[in-house]
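I set aside some time today to look through this model and jot down what I looked up. Here are my entries, in the order I made them.

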Amino acid sequence: MAHANLIDGRAIAGQILGELALRVAALKAFALTPGLAFVRVGEDPASRVYVGRKEKACADLGIFSETHVLPYAATQAELITLIHRLNADPRLHGILVQAPLPKHIHEAAVYSTVLPEKDVDGFHPVNVGKLMLGDPSGFHPCTPAGIRQLLIRSNVATDGAEVVVLGRGNIVGKPMAAMLCQKGPGANATVTLCHSATRDLPAHCRRADILIAALGVAHFVKAGMVRPGATVIDVGVNRIDGKLVGDVDFLNVQPVAGKITPNPGGVGPMTIAMLLQNTVRAAEIRAGI
Ligand code: NAP
């Protein structure tokens, strides 16, 4: 049942896709179709599902996509050779290498092979550096960029807000903290980044105006850790008895929170919308728009 304090990620992602459809149509008027390559290594079931969803989202928006699948035993050199080929392919404006990669492949070496201007995941060191510097010419990682849009479009003020981010992963927590502490609109927050070595983590959480949980621990955030009226963003994807649940104990936290994302239906759709936005932007930049 819809609830007044829910941040509806599907609806907000839908708005963004509507805006992107106009930009794709404008590019097509110049005979330019944005193109995105997906690379998967091995047959991890979750990766297959994630890439499948992204392929469908591309097709729905009129973005050209192609998927390359290497066997689990592929070497790092083979993967890097493929990325060089995709870097050189003018039909492609973006390249996404789906994580996780097999243990024998060094993820950082792979991400730094993707050309920064095709790095629509925002994982290349040049784009990570631009994010830290507040240089808007880089690509931002999709999940934290999506969360920022959720906050902006739900009228959650970040200026001067106490934001507590749980988890210092490179994909969500760390770039989220970097994004929200920048000077400027939709940021300008006082950010605390918590992790497994944080002393008295619940006390940090209770100070938060905005609490963002990106740990990967099912139902970690309990009602007693949330300041009444705070905004709670649940990023985690965990499986309990085959059912997907987030990092937030949603049933008990929702009555305390001012605003809260459902999970699923909160952050997930935004991650895909931001991937498509980065791809359209990469095509626009190449076209000189
Ligand atoms: P990650 O790189 O493994 O980072 C997890 C972080 O959580 C680490 O910093 C870890 O601390 C911290 N942590 C774990 N258990 C903790 C505990 N008990 N107390 C305090 N800190 C703890 O994970 P990630 O890639 O950032 O992903 C985080 C979650 O978000 C996962 O569930 C992932 O599936 C989900 N995710 C969702 C989306 C989406 O679109 N919805 C996208 C990306 C990721 P240490 O560093 O100290 O070990």
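**Entry 1: the three-stranded sheet**

I began with an open sheet of 3 strands, which pair in parallel in the order S2-S1-S3. Strand S2 (64-70) and strand S3 (94-97) are at its edges, and each has a single partner strand, so one side of each has no neighbour in the sheet. I noted that the twist averages 15° from one strand to the next. A reminder to myself before going further: this is a predicted model.

Next I looked up how the strands are joined. How many bridges join strand S1 to S3? I found 4 between S1 (residues 35-41) and S3, with the two strands running parallel.

Helix H3 (residues 76-88) lies across S1, S2 and S3, and it runs at about 165° to S2.

I followed the chain on from S3 and looked at the loop between S3 and helix H4 (107-111), where Pro 100 is found. The peptide bond from Ala 99 to Pro 100 is cis, with omega near 0°.

**Entry 2: domains**

I looked up how the protein is divided, and the assignment gives domain 1 (31-116) and domain 2 (142-269). How far apart do the C-alpha centres of domain 1 and domain 2 lie? The answer is 28 Å.

**Entry 3: the five-stranded sheet**

I turned to another sheet, an open one of 5 strands in the order S5-S4-S6-S7-S10, again with parallel pairing. Its edge strands, strand S5 (190-194) and strand S10 (259-260), each pair on one side only.

Asn 263 and Pro 264 are joined by a cis peptide bond, with omega about 5°.

**Entry 4: H1 against H10**

Now for the helix pairs. Helix H1 (residues 9-29) and helix H10 (residues 267-287) have axes that come within 9 Å and cross at roughly 20°. Why do H1 and H10 count as roughly parallel to each other? Angles under 35 degrees are classed that way, and theirs is roughly 20°, so the two helices are roughly parallel. Their crossing is left-handed.

I listed some of the residues that make the contact: from H1 they include Ile 12, Ala 13, Ile 16, Leu 20 and Arg 23, and from H10 they include Met 270, Ala 273, Met 274, Gln 277 and Glu 284. By class, the contact has 15 nonpolar, 2 polar and 4 charged residues.

**Entry 5: H6 against H10**

Helix H6 (residues 142-153) also packs with H10, at an angle of about 110° and with the axes 8 Å apart. That makes H6 roughly perpendicular to H10. Among the residues making the contact are Cys 142, Ala 145, Ile 147 and Leu 150 of H6, along with Val 267, Met 270, Met 274 and Asn 278 of H10. I sorted this contact by class too, and it has 8 nonpolar, 5 polar and no charged residues.

**Entry 6: H6 against H7**

How do H6 and H7 cross? Their axes come within 8 Å, at roughly 45°, which makes H6 oblique to H7. This crossing is right-handed. On the H6 side I found Pro 144, Ala 145, Ile 147 and Arg 148, which meet Pro 175, Met 176, Met 179 and Leu 180 in H7. By class, the contact has 7 nonpolar, no polar and 1 charged residues.

I finished in the loop between H6 and S4, where Asn 155 lies.

Notes: Residues numbered from 1 in each chain as written. Predicted model: local features only at pLDDT ≥ 70, side-chain atom pairs only at ≥ 80, totals over all residues. Heavy atoms only, no water. Axes fitted to C-alpha atoms, helices over the stretch in contact; angles between N-to-C directions. Parallel < 35°, antiparallel > 145°, perpendicular 65-115°, else oblique. Left-handed = near helix turned anticlockwise from the far one by under 90°. Contact = heavy atoms within 4.5 Å. Nonpolar A, V, L, I, M, F, W, Y, C, P; charged D, E, K, R; others polar. Domains from an automatic or database assignment. Pairing = 2+ DSSP bridges.
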